[in-house]
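My entries follow in the order in which I made them.

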Amino acid sequence: MTPEISFLFNTFFTLFAFVLIIMMVPGFAMLEAGLVRTKNVTAVLTTNTMIYLVASMMFLLIGYNIAFGAFGSDTMSAWAAFLFQMAFVGKTINIMSGGVSERTRLIPLTFFAIVMAGIIYPVVVNLTWGNNFLKDTFLDISAMHDLAGSTIIHSTGAWALLAAILIIGPRKGRYKNGKIKIIPASNIPLVTLGAFMLWIGWFGFNGGSVLSYASIDDANAVAKTIMNTNTAGLAGGLVVFILSYITYKKFDITMILNGALGGLVAITAGADVVGIYAPIAIGAIGGALVFYAVPFFDKMKIDDPVGALSVHLVNGIWGTIAVALFNSEYSLLAQLKGIFVVAVFAFVSSYIVLFIINKISPFRVDEEVEIEGLDSEECGIEAYPEFKKSF
């Protein structure tokens, strides 16, 4: 294949992967809109829209240069390479925003999105996929293998979420008198739609990260990566399907879907370097981790309405470790070092930024607004106005 044809194939392939990843924007929106109460749905949808707008623009203006330096690519259009990387950036903030929904104002979240997309996430990318300004120092973590971001994206966003929850606190009445109040999802069809949109988007997320589709070997690598991605999602969902019935004699669709998403997060680091059966184990363990992590975080009074910590933090760590466990060519020490450095940087930097923003513009809505719902106060539009009682 001539260089020109390879260039065209890679450009088209990367743009197609970009489109699939952008499908995760409505995926996150639908998942979160279904998991929160009806009085907060418009606020969640507005937040997800804001994240795509702000994160994408900040990555264009500042973030890409911090992560990778000047625009340029020898194997595909530079603009396709940029768009592919831009598609990732908002996902870190989506992970964080969903976990603090139903009690958080939009303006301070926007401020944090600016910093996360413009500085925090690009620095993490710089240390791993990008320029690596710590190269040849004891903090160099470029040896960590993380194909599409189990640690770089999912854990980074989840460490920011943990910092935010510690600052903002739980929803009103969630933990009272030593008991955990269950707040049910408002729209199960939306949860299901959102989860499967995310699942489909993951094929571009992981498959596109192979970064080339210009030879038979490249095509096989992409197909294997997508197959492994799907397998891990299947295994994660199946394990929770079984555990849910064994434990509660019920089939909890929200937990089953989160189990599948946990499996997808777990395989994201190593989908390209493990065999076709390893994802069954990686995804199954990922699903089980979600099943047990959700009640664990509740016992710790860490209120996460969408289960993002269980899906993205726990499985971001597990998936990065799994690379070395299922492929002896990779160092467990290098994987652990990468997890640790990203964890410290992402959590500490996010906590500092969130703390400062919270002092200037508090994240938490007033108690009356939280009781009434954020839709009216924050957006002026209710998602389900016919459900509102009239007095």
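Helices, for their part, are DSSP runs of H or I with at least four residues, and strands are E runs of at least two, numbered from the N terminus.

I also noted that this is a predicted model, in which local features need pLDDT of at least 70 and side-chain atom pairs count only at pLDDT 80 or more, whereas totals for chains, interfaces and linings use all residues. Residues are numbered from 1 along each chain as its sequence is written, and side-chain values use heavy atoms, with hydrogens and water left out.

**Entry 1, helix 7 and helix 9**

I looked up the pair formed by helix 7 (residues 188-207) and helix 9 (residues 253-267), and found an angle of about 10° with the axes 10 Å apart. Here axes are lines fitted to C-alpha atoms, for helices over the stretch in contact, and angles run from 0 to 180 degrees between N-to-C directions. Helix 7 and helix 9 are therefore roughly parallel, given that angles under 35 degrees count as roughly parallel, over 145 as roughly antiparallel, 65 to 115 as roughly perpendicular and the rest as oblique.

On the side of helix 7, I listed I188, V191, T192, A195, F196, L198, W199, W202 and N206, which meet I253, T254, L257, A260, L261, L264, V265 and I267 of helix 9. Sorted by class, this contact of helix 7 with helix 9 holds 14 nonpolar, 3 polar and no charged residues; Ala, Val, Leu, Ile, Met, Phe, Trp, Tyr, Cys and Pro count as nonpolar, Asp, Glu, Lys and Arg as charged, and the others, Gly among them, as polar.

Staying with helix 9, I turned to helix 11 (residues 308-326), where the two axes come within 8 Å and cross at roughly 35°. Helix 9 passes helix 11 in a right-handed crossing (a crossing is right-handed if the near helix is turned clockwise from the far one by less than a right angle, and left-handed if anticlockwise). N258, L261, G262, V265 and A266 of helix 9 make this contact with V311, H312, N315, G316, W318 and G319 of helix 11.

The side chain of E370 reaches the backbone nitrogen of K172 at 2.7 Å. Apart from residues up to four places away in sequence, E370 touches K39, E102, R103, R171, K172, R364 and V365.

H145, in the loop between helix 5 and helix 6, is buried too, at 15% relative accessible area. I found a polar contact at 3.0 Å between the side chains of H145 and D272 (a pair of N or O atoms within 3.5 Å; within protein, one must be able to donate a hydrogen and the other to accept it, and residues adjacent in sequence count only if both atoms are side-chain atoms).

Most residues other than glycine have a negative phi. I therefore noted N132, whose phi is near 60°, in the loop between helix 5 (106-128) and helix 6 (150-168); N132 is buried, at 8% relative accessible area. K249 likewise has a phi near 60° and is found in the loop between helix 8 (216-248) and helix 9, but K249 counts as exposed at 52% relative accessibility.

Methods. Contact = heavy atoms within 4.5 Å. Buried < 20%, exposed > 50% of the residue type's maximum accessible area, 1.4 Å probe, protein only.
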